[in-house]
Structures are given as structure tokens and as C-alpha cells.
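Visitor: I've got a model to go through with you. Can we put it up and start?

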Amino acid sequence: DHAVSSDHAPGNVEVAAPGYIVPTVCRGGTNGYTAGTSFAAPVVAGAIMMLRQRFPHETPDQIRARLRDTAKQATGNAAQTGAGRIDVY
């Protein structure tokens, strides 16, 4: 729950997602870990799809608000973490 320094889209962050020590499947089918904003983005996309499945009649803006409203506070300023770390539970 700590923001990692990044110069990607500063000030445009709405929510944060894991981007450091992210479990992944590596080439050859082995398990491993990776890091970077390019791995945080699919986590957010997956969370959106889970919410769309659970709330199929909500508009994209309602899903977006739900994602922000349920985020957990994360260490860092709003420019780095937005509303906080996503929490689909």
C-alpha cells in the first residue's frame, strides 16, 4: 500500500493498483513476480469487469464511481494514489 515513484500520468491517477511484486505466470508456465504500471493497469481492468458482472445495469460512470468509492487509503499523495488502492470485495 505504498506508492511507487513514477512519472506516468502524474496527476491523472483515479485509483491505485498493485504494481510492485505482482504475481504472474512467466514464459514456460512457471510462476514469478514482476513490477510496473503496465501490470497495474490490467488489475484495474479486471476489477472493472468483476464489477460489471456483479452490477450489469450500472453505467460506466457508476462503475467508475463504485471503484473510487470502495478504494482503500494508500500511503502517498492523491497524485500518486488517487482515491486509494482498489478493493473489489
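Visitor: How far does the backbone nitrogen of Tyr-89 lie from a polar atom of the side chain of Asp-87?
Guide: 3.2 Å. A polar contact is a pair of N or O atoms within 3.5 Å; within protein, one must be able to donate a hydrogen and the other to accept it, and residues adjacent in sequence count only if both atoms are side-chain atoms. This is a predicted model: local features need pLDDT of at least 70, side-chain atom pairs count only at pLDDT 80 or more, and totals for chains, interfaces and linings use all residues. Residues are numbered from 1 along each chain as its sequence is written, and side-chain values use heavy atoms, without hydrogens and water.

Visitor: Where is Asp-87 found?
Guide: In the segment after helix 3 (78-81). Helices are DSSP runs (H or I, at least four residues), numbered from the N terminus.

Visitor: And which residues does Asp-87 touch?
Guide: Thr-70 and Lys-72, not counting residues up to four places away in sequence. Contact means heavy atoms within 4.5 Å.

Visitor: New topic. What lies over the face of Phe-55?
Guide: Arg-66, at 3.6 Å from the ring centre. The test is CZ of Arg or NZ of Lys within 6 Å of the ring centre and within 35 degrees of the ring normal. Phe-55 is also in contact with Ile-63.

Visitor: Where is confidence lowest, and where is it highest?
Guide: Lowest in helix 3, at a mean pLDDT of 78. Highest in helix 2, at 95. The protein chain averages 85, and 88% of the residues score at least 70. pLDDT is the predictor's confidence in each residue, from 0 to 100.

Conventions
Helices (H or I, at least four residues) and strands (E, at least two) are DSSP runs, numbered from the N terminus.
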